[in-house]
Amino acid sequence: MNAGAPIENLERVMSSLKKSGPNGKKAIQEMQARAVLDLVESAFSAQSRQIGGQRIFGGTPFSKQFEKLEPKLKTLFADDPQAWGKLENAYNRAQDIIPPAGAMPKGSAGYFIDTLNKIGVHS
């Protein structure tokens, strides 16, 4: 789903797919799944702190991507209020895990803290 494309294009596609029967419904579900995967990928692919060498879920990039795509997501999930509610809930949880400014070490401090934790000097 391209954030820059006009929402009218998505509305036309959705209208056409709704008239297409079972294959259209399947296509809508695939579009919904791709949109959710897009949000999750944005949360893990952004530069973020790692724990034990594994990237952690980034609430900030998830939230920013959600906000950028929100009008299109509403259109995409218009006929499934339960799924839309779960997606909004995920957005709210992502907002909850965004650390306040200054809570995360900046610069090389995070690297040194992780290194000291690995060798057992810092706990």
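## Exercises on salt bridges and accessibility

**Exercise 1.** Classify E70 as buried, partly exposed or exposed, and describe its salt bridge.

Step 1. The model is a predicted one. E70 has a relative accessibility of 24%, so E70 counts as partly exposed, since that class lies between under 20% (buried) and over 50% (exposed).
Step 2. The partner of E70 in a salt bridge is K74, with the closest N and O atoms 3.9 Å apart.
Step 3. Both residues belong to helix α3 and are 4 residues apart, about one turn of the helix.
Step 4. K74, at 43% relative accessible area, is partly exposed.

**Exercise 2.** Find which parts of the chain the salt bridge between K18 and D79 ties together.

Step 1. The side chains of K18 and D79 meet at 2.9 Å, N to O.
Step 2. K18 is in helix α1 (residues 7–18) and D79 is in the loop between α3 and α4 (81–96), so the bridge ties together parts 61 residues apart in sequence.
Step 3. K18 is partly exposed at 45% relative accessibility, whereas D79 is exposed at 59%.

**Exercise 3.** State how many salt bridges the whole structure has, and name the residues linked in a network.

Step 1. The search finds 5 salt bridges.
Step 2. One of the bridges joins E41 and R34 at 3.0 Å, N to O.
Step 3. R34, D38 and E41 are linked in a network.

**Exercise 4.** Decide whether Q65 is buried or exposed, and list its contacts.

Step 1. Q65 sits in helix α3 (residues 59–76).
Step 2. Its relative accessibility is 16%, so Q65 counts as buried.
Step 3. Not counting residues up to four places away in sequence, Q65 touches D38, L39 and S42.

Notes: Residues are numbered from 1 along each chain as its sequence is written. This is a predicted model: local features need pLDDT of at least 70, side-chain atom pairs count only at pLDDT 80 or more; totals for chains, interfaces and linings use all residues. Side-chain values use heavy atoms; hydrogens and water are left out. Helices (H or I, at least four residues) and strands (E, at least two) are DSSP runs, numbered from the N terminus. Buried means under 20% relative accessible area, exposed over 50%, partly exposed in between (1.4 Å probe, protein chains only). Contact means heavy atoms within 4.5 Å. A salt bridge is a side-chain nitrogen of Lys or Arg within 4 Å of a carboxyl oxygen of Asp or Glu.
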